[in-house]
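Visitor: Could you please take me closely through one part of this structure, the sheet and the helices that pack around it?

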Amino acid sequence: MARGKLIVFEGLDRAGKSTQCASLVSSLQARGHAVRHQRFPDRTTPIGQMINAYLTGASEQEDHVIHLLFSANRWEVASSIKADIEAGVNVVIDRYYYSGCVYSAAKDNPSLSLAWARQPEEGLPRPDVVIFLDISPEAAAQRGGYGAEKYENARMQQRVRELFKSMRELGEEKEDFVTIDGGEEQEKVAAAVEAAVLEAFGRVDQGSLPLRAVKPLQ
Ligand code: TMP
């Protein structure tokens, strides 16, 4: 039996990640694949509830502390993601450690660089493909404006977009990212996503490639 694949969606707020995730999950299921749909932050766990309180302004957290809570929120399900993949279940994730790094680094805290932010993520399951839905902050804002959560403002989104570019050039991330224009029509984006994901399926299955872990930067 083929192992499941780990597929991640990334992008700015309002890039269309949730819509495209749902569409990919349905199309994989229609092809007969078992799929688990996961999102980060996972606000259902006790750590996720602390993150939710921070994002909605109900509590304050020091920059490094909230960063480590976001990371812990991934580690608390990392082993179940691995188990599912070994059992042949494909895992589609809406945001992963790339968001974790860029949103924290966007605060421009001198002791919280992109490289510092990436360290607690080392060892997490490494995606087989990361779909980056690219959209300008202006086009994203036109999609009904930003919500009221912590990072949903134009300055933060602009900085996050720049840092996503740096992140795509970091280490192994360079090989993993597929950038798709998220400003296009929904169906066109969905077709591009499906093509990129099927390419990743073929690559993993033909090479019998094992699930890898996120490596430290060289
Ligand atoms: P959501 O809107 O996808 O639920 O994400 C909530 C916010 O949390 C979003 O602005 C991105 C941010 N975020 C981080 O700052 N660090 C992380 O590790 C993750 C997964 C999200």
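**The sheet and its helices**

Guide: E10 stands opposite F132 in β5. The model is a predicted one, in which local features need pLDDT of at least 70 and side-chain atom pairs count only at pLDDT 80 or more, while totals for chains, interfaces and linings use all residues. Residues are numbered from 1 along each chain as its sequence is written, and side-chain values use heavy atoms, with hydrogens and water left out.

Strands (E, at least two residues) and helices (H or I, at least four) are DSSP runs, numbered from the N terminus, and two strands pair if DSSP finds at least two bridges between them. In general, strands of a sheet pair through backbone hydrogen bonds, either parallel or antiparallel.

The open sheet has five strands, ordered β2-β3-β1-β5-β6, with parallel pairing. On average, neighbouring strands are turned by 20° against each other, direction ignored.

Helices lie against this sheet. Helix α3 (residues 63–86) lies across β1, β2 and β3 (90–94) and runs at about 160° to β2. Helix α7 (residues 154–168) touches β1, β5 and β6 (contact means heavy atoms within 4.5 Å), and its direction makes about 150° with that of β5. Such angles run from 0 to 180 degrees between N-to-C directions, and axes are lines fitted to C-alpha atoms, for helices over the stretch in contact.

Helix α3 also meets helix α2 (residues 46–55): their axes come within 9 Å and cross at roughly 145°. The crossing of α2 past α3 is left-handed (the near helix is turned anticlockwise from the far one by less than a right angle; clockwise would be right-handed). Residues of α2 in this contact include I47, M50 and Y54, which meet residues of α3 including I66, F70 and E76. By class, the contact has nine nonpolar, two polar and one charged residues (Ala, Val, Leu, Ile, Met, Phe, Trp, Tyr, Cys and Pro count as nonpolar, Asp, Glu, Lys and Arg as charged, and the others, Gly among them, as polar).

Another helix pair is α1 (residues 17–30) and α9 (residues 186–207), whose axes come within 10 Å and cross at roughly 55°. The crossing of α1 past α9 is right-handed. Among the residues in contact are L24 and L28 of α1 and V193 and F201 of α9.
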